[in-house]
Amino acid sequence: MQPTGQVKICPAEKSRLRKHRYWQSGELITIGTFAALIKISTMVIAIAGGGMNPVSMVLKNIAATSLLIILVYKVRKFGVLAMFSVISGLVSLLLMGGNAMLLIGSIGAGLICDGLVFVVSGYSKTWAMVLGVGLYDLLARAISLGYSWFFFQEQIGLFFMGAVVVGIGYAGCLIGLATGVFFARELRHAGIIRQ
């Protein structure tokens, strides 16, 4: 006999919930594609700007954060920022000589911000996704600065120079949050983002 109050879920709904719980190949391909796009676009802007140029530093962070907002709009699932950190960090580590400690910090920042977005709205609200990406950018930079402080304690001038560069970059990230929402909404109107 069926217990009173028990909700029966149809097989199609069970299949949909099961698919939503696990990572799908299309989602992983999307995250990898965006990680590559962010690496390539920021590298091209940095090369065009000629290195330590404040304008190019702001521009490349606008591009990176805008693409990250579009990614979170497209793949609305817990762990998307952490998975992006893993893929992006591995590309930096294997192809560009990145630092493994920064990879660990970036993954930690991604997990914290994924948890924040999941708790406040479960990826259904735009403001929560913007908050998550903004905090992710801030935490990843703070971890990077902390790592720099550990190694440059005796040359504090180098640390402050790095802090100024990070601050200029984060200003670009804040602008990128707004431009990312704008582009994501335009892509949704065009039918490219369906959620």
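Predicted model: local features only at pLDDT ≥ 70, side-chain atom pairs only at ≥ 80, totals over all residues.
Residues are numbered from 1 along each chain as its sequence is written, and side-chain values use heavy atoms, with hydrogens and water left out. Local features need pLDDT of at least 70 and side-chain atom pairs count only at pLDDT 80 or more, while totals for chains, interfaces and linings use all residues.

View 1. The unreviewed UniProt entry places the feature "transmembrane region" at residues 28-49, 55-73, 78-96, 102-120, 127-150 and 156-184. UniProt positions are given in the numbering used here, feature names are shortened, and annotations may be inferred rather than shown by experiment. Residues 102-120 are 100% helix and 0% strand, with the end C-alpha atoms 27 Å apart. Residues 127-150 are likewise 100% helix and 0% strand, and here the end C-alpha atoms lie 34 Å apart. Helices (H or I, at least four residues) and strands (E, at least two) are DSSP runs, numbered from the N terminus.

**View 2. Packing of helix α6 (residues 126-151) on helix α7 (residues 156-189).** The two helices pack at an angle of about 165 degrees, with their axes 10 Å apart; axes are lines fitted to C-alpha atoms, for helices over the stretch in contact, and angles run from 0 to 180 degrees between N-to-C directions. α6 is therefore roughly antiparallel to α7 (under 35 degrees counts as roughly parallel, over 145 as roughly antiparallel, 65 to 115 as roughly perpendicular and the rest as oblique). Residues in contact (heavy atoms within 4.5 Å) include D137, R141 and W149 of α6 and F159, Y170 and R185 of α7. The residues of this contact divide into 13 nonpolar, 5 polar and 3 charged. Ala, Val, Leu, Ile, Met, Phe, Trp, Tyr, Cys and Pro count as nonpolar, Asp, Glu, Lys and Arg as charged, and the others, Gly among them, as polar.

**View 3. Helix α3 against α6 and α7.** The axes of α3 and α6 come within 10 Å and cross at roughly 135 degrees, which means that α3 is oblique to α6. This crossing is right-handed. The contact is made by N61, T65, L68, I69, V72 and Y73 of α3 and T126, M129, V130, V133, Y136, D137 and R141 of α6. By class, it has 8 nonpolar, 3 polar and 2 charged residues. α3 and α7 pack at about 40 degrees with their axes 6 Å apart, so α3 is oblique to α7. The crossing of α3 and α7 is right-handed, and their contact has 16 nonpolar, 8 polar and 2 charged residues.

**View 4. The aromatic pair of F78 and F118.** A search of the whole structure finds 2 aromatic pairs; rings of Phe, Tyr and Trp (its six-membered ring) pair if their centres lie within 6.5 Å, and planes under 30 degrees apart count as stacked, over 60 as edge-to-face and the rest as tilted. F78 and F118 form an edge-to-face pair, 5.6 Å centre to centre and with 65 degrees between the planes. F78 is in the loop between α3 (54-74) and α4 (80-95), and F118 is in helix α5 (residues 100-120), 40 residues apart. Not counting residues up to four places away in sequence, F118 touches F78 and Y123.

Technical notes
Left-handed = near helix turned anticlockwise from the far one by under 90°.
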